[in-house]
Amino acid sequence: MEPVLDGTVALVTGASSGIGAATAAALAAQGAAVALAARRRDRLQSLAAGIRDQGGTALVLECDVTDEQQAAGAVQRTVAELGRLDTLINNAGVMLLGPVAGAPLPEWQRMVELNVLGLLYCAHAALPHLLRAAGSGPRQVADMVNVSSVAGRAARNGNGVYSLTKHGVGAFSESLRQEVTGQYVRVCLVEPGATDTELASHNRPEILHSIRSQFGQRMQAEDIADAITYIVTRPRHVAVNELLIRPTEQER
Ligand SMILES: NC(=O)c1ccc[n+]([C@@H]2O[C@H](COP(=O)([O-])OP(=O)(O)OC[C@H]3O[C@@H](n4cnc5c(N)ncnc54)[C@H](OP(=O)(O)O)[C@@H]3O)[C@@H](O)[C@H]2O)c1
């Protein structure tokens, strides 16, 4: 059987580690040519080498998606070098937790700039290409997967601004879904629970300590990649709109 995504092109943001890296590898295994976007070129290059060793196609895009020009440039280079864009995995994100009182403002700015504005810049630049792919592509359908979080469903004490950004991703995704689903661009919101990646490591040491004691069981990045692969490989008439996925032992 032919891999389902043969002939399609996927752009994955935040592909240098964690969920993005695992998703890029999983989509490549399904036959998609993958564009890998993030700031750490060396990480992207080693992922690309692994994908090429398996017979896949990978394009390295060193970029900071919080910069509007660089986000648009990543989309443009994907289309220029791989020929089209069928799938955007809007995954790059940062989670800086802690009390609101006394929080360092630069942490809030980083989250809003990446989780909200970076995602919007990529969505804006990609949308015309996704609409074109849905009209003329091999599968006659295109996908935008926006990676939110359990924190995009429920705010908790200590995750105020991270939760704010992920709630915003949810609102935007549902509005855009309604706008473009009739044109066969499927917009899906993915809301992972605790997953073993680098995400928590960017927190201040005192916060990191409390995160470690809060979370027990974790999923692997490959578990979320598997869920995303399921979403984008559905037949044309099936749109998974939202997927909340937690480690079994995670209660909230
Ligand atoms: N892990 C979890 O428990 C969990 C739970 C719920 C939701 N999520 C969400 O899952 C997504 C992926 O996170 P992860 O867990 O895989 O964490 P991760 O391993 O820290 O990955 C984050 C990715 O974002 C990239 N990135 C950061 N700043 C960027 C920028 N300015 N421009 C381009 N790329 C940038 C990083 O690459 P560079 O540093 O190389 O740029 C990295 O590839 C995030 O949206 C996160 O909120 C994760």
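1. Cysteine 122 is buried, at a relative accessible area of 2%. Here buried means under 20% relative accessible area, exposed means over 50%, and partly exposed lies in between (1.4 Å probe, protein chains only). This is a predicted model: local features need pLDDT of at least 70, side-chain atom pairs count only at pLDDT 80 or more, and totals for chains, interfaces and linings use all residues. Residues are numbered from 1 along each chain as its sequence is written, and side-chain values use heavy atoms, with hydrogens and water left out.

2. How many disulfides are there? The count is 0. A disulfide is a covalent bond between the sulfur atoms of two cysteines. The rule used here asks for a pair of cysteine sulfur atoms within 2.5 Å. For cysteine 122, the closest cysteine sulfur is in cysteine 63, 6.8 Å away, so the two are too far apart for a bond.

3. Cysteine 188 is also worth a look. Its relative accessible area is 2%, so cysteine 188 is buried. The closest cysteine sulfur to its own is in cysteine 122; at 17 Å, that is too far for a bond.

4. Now the overall fold. The protein has 7 helices and 9 strands. These are DSSP runs numbered from the N terminus: helices are H or I with at least four residues, strands are E with at least two.

5. Along its principal axes, the C-alpha trace spans about 50 × 40 × 35 Å.

6. Buried residues make up 50% of the 252. Among contacts (heavy atoms within 4.5 Å) with a separation of 6 or more, 70% join residues 24 or more positions apart.

7. Arginine 177 sits in helix H5, residues 160-180. Is arginine 177 buried or exposed? It counts as buried, because its relative accessibility is 17%. Leaving aside residues up to four places away in sequence, arginine 177 touches Val187 and Asn241.

8. Leucine 117 lies in helix H4, residues 105-136. Leucine 117 is partly exposed, with a relative accessible area of 31%.
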